[in-house]
Each structure stands twice: as C-alpha cells, then as structure tokens.
Amino acid sequence: MMRGIWGHHMKIVQIKISNFRGIRSCELLLPEHAVLIGDNNVGKSTVLEAIDLCLGPDRLSRQPPVDEHDFHLGKYLSSNPAAPVAAGLAEPAVEAGATVPEGGEQAANPMIEVEVTISNLSVEQQDHFGEQIEWWDIGTNALYIGDAAGLDDAKALPAIRVTFQGFYNEDEDDFAGNSVFTRSIDEDEKPTPFSKRDKQKCGFLYLRTLRTGSRALSLERGSLLDIILRLKEIRPRMWEDTIGALKTLDVAGDPELGVSGILESVNKALKKYVPREWGANPHLRVSTLTREHLRKVITAFIATGDGTHAAPFYRQGAGTINMLVLALLSQIAEDKQNVIFAMEEVETAIPPYAQKRIVHELRKLSAQSLLTSHSPYVLEEFDIDETLILSRTPDGILSKATVQLPDSVKLKRYRQEFRQRFCEGLLAGRVLIVEGATEASSYPAVARRLAELDGTKYASLEALGICVIDAGTDSQVAVMAKLYRDLGKRTFGACDKQKDADKDAIEAQVEKLFMHDEHGFEDLVLKETTQAALVRFAGMIEWPPHLLQQFGDPKADAANALPALFKWAKGGWSLADFLVQCTEEEIPKFLKDACITLKQLCAPEETEAEAPPEEGAADAA
C-alpha cells in the first residue's frame, strides 16, 4: 500500500456540517490553502468553529461543549422528546411517559453533527491512528470505496474521518458532545473516542484574531504561549520553580508599612481563642499559589518605544498584539511541522504590507491554512481555486463557489485589476454592473444623496448591500454579470440604450436591468435635470483653463459649457459631483426610479413598513 507518497502535507479535504448555528446542512471540499469569503453572517466563522469542535485539543474541555445557541434555529428538542443515541456516548434509556408517535418509533432530538476528513497522513500519523485509517481518492475527491487490491492503481491518500456529535441530554438536563472516529461508528458496538492526544497529532490551531490576541501571551489553557510551552515540554519544572519562588516572597513584611503589625495582632487573637493547629501566623502571599491561579495572573510585559518601561502585552496596540500572535505562530510551527492553521480576519488592525506577510508566513509554516478575510490585500495572495465564496440559502444550506473567469476576462487582467474591479464584488452579496467609470461613481453618489433628501423613499447602495462594478464597456456588462451571478450573487445591471439582442443578453444575467433611452449617461442627466441646477453647479466649480478660454463665462453658458466639461472629465467624478448638489426635483427621474426599485427589491420589508396605509384601511381596522 502507498503511505503518503505525495509528501507529508496533512490537510483537511472535506467537512460536512449538520444543524450547527446558521448552517442546517453543508458539504465543503477544501484545498491545501484557502480563504473563505462572503457576506457577514454567511457562516465563515461557523465553518472554522465546526472544525474546532472536531479537532480542537481544548475545545471539548469547555463544559458544556455546546449550548442552546449552537443548534440551528435554537432547536434542540423534538416535538416528541427523546435523547438521541450519540456515537461514543452512553445509549439513553427511553424516558417513562415519553410520547411515541404512530409506528412505535420515538422521535430523536436534533443533533449537531460535524464530520471532518483529514488526508495525506504522515507515516508517524498512520502508525498512530492504525486501524482507523481510510483512503481518500484524489481523483474523485471522495472516500475510496474499492477493495484493497485496487489501492495501488488508485490515487488514494491515507486519511481519517472524525465526527463530532452534540445534543441535549434530557436525563442530565444538560448539553453533551463528543468526537469519535467516524469509521468506528458503523463498525464497532461502542465507537472509538477521538482523544485529546489524537487531536494533538493533527495539530489543528484555531486563532480568533480579536479574541485570541487578548490572551495570546497569557498562560491560560489553550493560549498560544501555553501551546508553545506544552510543545517544548517545559511546563512542569516552570510551575514548580515559580511556585517555590513565590512562597519565599514576603509581601508587605516591612514593619514601617503597618501591615505586619495588623497581622501580628490577628495572630495574638488566634492564639488566645483557638488551638495553634487551627491556624497561626497569618501573612500575605502573591497568590493562592496553585497552577490554575497562576495561569490567570501571569502576564507577559513588553517595553514600548525606546524606553525601558514595560507594560502588559494586552495594553499594546491591536496591530502590535496581532504581530505578536504571528511571532508565536512561527514558534509553534518550528516545533511542530504538521500544523493546520485556521485564522479569522487576519487583517484586523494591521497595515496592508503586514497582512501580506502574515499570509506568506502562514502558508510557509503550515501544512494547511484556512483564513476568513474581507481584505483585498489578503485575497489577492490566494489563487482563484483557493478563494472560496460561501453563500447560504434562507433555509440554512451552505455552499461554496469558486471564480470561473469568462473567455473575455484573462487571468492576467483579473489579477491586475483585482482590487479595483473584482474584489469588492466577491465580498458583496449584491452587485450592480455598470458600463463605465462615470456610472460607477454616479450611481452610489446619487443614491446616497436621495437617501439624505428622503430616507423613506430611497436608500444608499451601501445600506442596501449593493456593490457597484465597472464593467469597462457596455459589451462586458452581461459577461461580468454572469461571473457574479454564477457565484450566487444577486446581480443588477445599468446601461445606455442597447440593441435588442444586447439588451436580451444582459437581461438573461441580471435580476433587473436599468436601461435608459439615451446614448450616453451624460446625455440622460443633462436632458432630465433643470437649468437652475446646471447654473448653480457651473458657479461652484473650478473650471479647467481650456474651457474658460472657450466659454469665457461658463456660468452664463452653462447649457453648453457643462456638456463640454462632462465629456472632458468622462470617467472622473464631475458628473457625480453635479448630482450630489441637486435637489430631489433636479435629479433625473430615471435615476430616482432606479433607486426606488432597488430599495423595493433589496429591502422590501422597509418599503412595506414605510408605505402609507391604503385609503379606507384605517376605517377597516
């Protein structure tokens, strides 16, 4: 049999999640390195938390391991209550008086289930996991189900599957959970637990940036410093030496402080009223001198600036703390080469160059890195097939998509224009595809202006969660819309007047197309605005010298001077600047109608709540 012939880069290849938080069901294949992106609350962190339930060495030490809010929709009881039979846990007895539906079967309570498949195990890991080894077929991206003889011909890697099951235990009136080897669930009468030692062999580290940073350099269980000490196996001597030193430290022993005198008075009273063996010689110590208490109070101090004054690490800036986390990660990876890092929002409080460095370090130090991010600087460090766009249906089905570039968008262009043209759309849930830079600046500006003028009728595109994408030309609107639509985004389009065939092509890829009857966006604005708005704007701006020379007094000839300005500054912000100084009456009707429609489509509940009651409705009520 083959034993890791493709190298020893262990990685999670698949995760299945059922009934966990916002995810009712999902099945994801994961590459060697991946960045998970998508709308807020789509489930990015939930995926990492689910892996942590299976593989996190300290996760199940938290009791209970799950609670009410971890169950999808908060439902942990069935309509016919009964404790479930969970793998690796004692089989519950049927409660007396439990409701049994027709057919005699008792309904089970909802259960959280997470299954993680880890492939490409090292020889050491294969020896450790022994009979729990299965095989992952990299040709089909599925578990190998053939006979042993066919393994030599298949591209199969050694793997294990781990399942976490969490549920409400009615007998104990508490929540319970455990991780077991998935293979043993069906094969053994009592499934084999996936122990803490097993988890350490997998080397999974989940780093919640905002939350981990605050205790990274503490010695609390599960902190990064605690993990490093455990890997270096220096903890026992450290604890004993520290406790011994603190025992000899006399706190406030100087008589001039007055504390020792008070304690001596207490001691005399003790001798007077109680036998010596009950208590004597009260004195102050640094702490209770237990390991657990020291974990909570020992803190790393760091000098700031050029001076020698040191302050607790958690008083440093957020960016400094996150860089300290990176330094600790490198220490962990040096001692334990087979590490799977999962990290949330690596960009938090860190400048772009440092974000890139962290991503490079994580990829270099780890067998696998799984990140969530909203930063273009992080995203552009990952290839297209490593960028997983997550989406979730209203009933909780989570799925992923990867970018499929159309023929007209070459990979080189995608990379060159990633931040400006593609990234924001990947991170948004709704995109409005427009044909040029002028429209890309004008639509958000006019929507924001209308929302300021009348928030009951209009909303800014930002408030609606709509990202505006500049397609470059009208011929690319349908192409770009398809790219984002295939990723599960809600797509809208806006363009000048098109031929019927081109219009049909765009409408096939968008939920709603906003097409006006003019041959240019500037023509639309100039035709549907007012002379007063044009004159006012002409008097507000600083005119370029060549137009001043051409028109003399542009304000007096605004109707001719402004079209020349808009044509000269096409692609800039001049038209958007004009729109944001308009009143509602001065803004073109086409743009007002488009903004109203977008609000109706993207925030229907707000539109309905703000709609005036129909005539006679009050009387009927």
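Cys-26 is buried, at a relative accessible area of 6%; buried here means under 20% relative accessible area, exposed means over 50%, and partly exposed is in between, with a 1.4 Å probe and protein chains only. Cys-202 is buried as well, at 0% relative accessibility. The structure holds zero disulfides, a disulfide being a pair of cysteine sulfur atoms within 2.5 Å.

Before I go on, the source. This is a predicted model, in which local features need pLDDT of at least 70 and side-chain atom pairs count only at pLDDT 80 or more, while totals for chains, interfaces and linings use all residues. Residues are numbered from 1 along each chain as its sequence is written, and side-chain values use heavy atoms, with hydrogens and water left out.

Now the overall picture. The protein chain has 25 helices and 19 strands; these are DSSP runs numbered from the N terminus, helices being H or I with at least four residues and strands E with at least two. Of its 621 residues, 47% count as buried. A contact means heavy atoms within 4.5 Å. Among contacts between residues at least 6 apart in sequence, 69% join residues at least 24 apart.

Helix α1 covers residues 44–55, which makes twelve residues, and reaches 17 Å from its first C-alpha to its last, close to the 16 Å expected at 1.5 Å a residue. The expected span is 1.5 Å times one less than the number of residues. Eleven of the twelve residues of α1 are buried, so this helix is largely enclosed by the rest of the structure. Among the buried ones are Lys-44, Glu-49 and Asp-52, along with Val-47, Leu-48 and Ile-51.

Helix α11, residues 352–365, has 14 residues; its end C-alpha atoms are 20 Å apart, in agreement with the 20 Å that it should span. Its buried residues are Ala-354, Gln-355, Lys-356, Ile-358, Val-359, Glu-361, Leu-362 and Leu-365. As background, an α-helix has 3.6 residues a turn, so residues three or four places apart point the same way.

On to charges. How many salt bridges does the count come to? The count comes to 20, where a salt bridge is a side-chain nitrogen of Lys or Arg within 4 Å of a carboxyl oxygen of Asp or Glu.

Arg-161 and Glu-115 form a salt bridge, with their closest N and O atoms 3.7 Å apart. This pair links distant parts of the chain, since Arg-161 sits in strand β7 (residues 156–169) and Glu-115 in strand β4 (residues 112–119), 46 residues apart. Arg-161 is buried at 17% relative accessibility, and Glu-115 is buried at 14%.

Glu-124 and Lys-201 meet through their side chains in a salt bridge of 2.8 Å, N to O. Glu-124 is in helix α2 (residues 123–129) and Lys-201 in helix α4 (residues 196–202), so the pair ties together parts that are 77 residues apart in sequence. Glu-124 is exposed, with a relative accessible area of 53%, whereas Lys-201 is partly exposed at 22%.

Arg-448 belongs to helix α15 (residues 437–453) and Glu-462 to the loop between α15 and β17 (466–470), so parts 14 residues apart in sequence are tied together. Both count as partly exposed, Arg-448 at 38% and Glu-462 at 45%.

The network of salt bridges links Arg-21, Glu-49 and Asp-70. Glu-49 is also one of the buried residues of α1.

Which residue is buried yet has no salt bridge? Lys-489 is, and the nearest side chain of opposite charge, Asp-39, is 5.3 Å away. For charge, Lys and Arg count as positive and Asp and Glu as negative, with His and the chain ends not counted. Lys-489 lies in the loop between α16 (477–485) and β18 (490–495). A polar atom of the Lys-489 side chain lies 2.7 Å from the backbone oxygen of Leu-426. Leaving out residues up to four places away in sequence, Lys-489 touches several residues, including Ile-389, Gly-425, Leu-427, Val-431 and Tyr-484.

Last, Thr-393, in the loop between β14 (387–392) and β15 (397–401). Thr-393 is partly exposed, at 35% relative accessibility. Its side chain makes a polar contact with the side chain of Asp-395 at 2.4 Å, a polar contact being a pair of N or O atoms within 3.5 Å; within protein, one must be able to donate a hydrogen and the other to accept it, and residues adjacent in sequence count only if both atoms are side-chain atoms. The Thr-393 side chain also reaches the backbone nitrogen of Ile-397, at 3.0 Å.
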